[in-house]
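Biologist: Hi! Could you walk me through this one?
Modeller: Happy to, let me put it up.
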Amino acid sequence: MTDKYLYFRTATSEANDDQGQDSVCYPLSKFRGFTMGAYGDSDAAADEDAFVMVFDSLYNDTAGDDENFDTVVINIKTDNNAKEVWRALSEIFALSNQPFLVVGDDAKKEYLHSDIESIGAITLVDAG
C-alpha cells in the first residue's frame, strides 16, 4: 500500500457510525482540492467558518463528469482561517509517514489540525 488514506467521521458516537454518510476513508489520490462554503456555492462569504474537501467519487467513475464528486464539510473554530488550515493539511498530507490520517473524528474528538472544530456533512454521490 503506497497511498495514504484520509479518514473522516461525522457521527458523534461510535454506536451511530453505521452508514457512508457517518464515516468515510479516501485514498489521498482521490483528493481534488479545497473550497470555501458549500461545494458549488459561489457565495462562499456566507460560510467563513467552514470549507469543503472535494474527492473523486468512491462509487462512480468521475472522468469527464464534474457532477460526480464526493464532498466532506470541515467546520473550523476561527472565522476566515481556512487558508492556514489548508496549508497545514497539505503539508501533513505530503510529509507524513503515516499511511492512515484521521482528518477528523467527531466521536473521538480527534482532529488533524487544532482549528478543526468538527466534521460536517459527508456527501457521497450515489452509484450510477
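Modeller: From the N terminus on, the elements run β-β-β-β-β-α-β-β-β. Helices (H or I, at least four residues) and strands (E, at least two) are DSSP runs, numbered from the N terminus. This is a predicted model: local features need pLDDT of at least 70, side-chain atom pairs count only at pLDDT 80 or more, and totals for chains, interfaces and linings use all residues. Residues are numbered from 1 along each chain as its sequence is written, and side-chain values use heavy atoms, with hydrogens and water left out.

Biologist: Which strands form the open sheet, and in what order?
Modeller: Four strands, in the order S3-S4-S5-S8, with antiparallel pairing. Two strands pair if DSSP finds at least two bridges between them.

Biologist: Which strands stand at the edges?
Modeller: Strand S3 (31–36) and strand S8 (116–123). Each has a single partner strand, so one side of each is left without a neighbour in the sheet. Neighbouring strands of this sheet are turned by 25° against each other on average, direction ignored; axes are lines fitted to C-alpha atoms, for helices over the stretch in contact, and angles run from 0 to 180 degrees between N-to-C directions.

Biologist: How many bridges join S3 to S4?
Modeller: Five, and S4 covers residues 50–56. Phe31 stands opposite Phe55 in S4.

Biologist: Now the helix. Where does H1 lie?
Modeller: Helix H1 (residues 82–95) lies across S3, S4, strand S5 (69–76) and S8, running at about 165° to S3. H1 reaches 20 Å from its first C-alpha to its last, close to the 20 Å expected for its 14 residues at 1.5 Å a residue; that expected span is 1.5 Å times one less than the number of residues.

Biologist: Which residues of H1 are buried?
Modeller: Ala82, Val85, Ala88, Leu89 and Phe93. Buried means under 20% relative accessible area, exposed over 50%, partly exposed in between (1.4 Å probe, protein chains only). Seen down the axis of H1, the buried residues fall within an arc of 135°, so they line one face of the helix; the arc is that of the directions from the helix axis to the C-beta atoms. On the other side of H1, Lys83, Ala94 and Leu95 are exposed.

Biologist: And what covers the buried residues of H1?
Modeller: The cover includes strand S1 (5–9), S3, S4, S5, strand S6 (100–105) and S8. Contact means heavy atoms within 4.5 Å.

Biologist: What share of the chain is buried?
Modeller: Buried residues make up 44% of the 128 residues.
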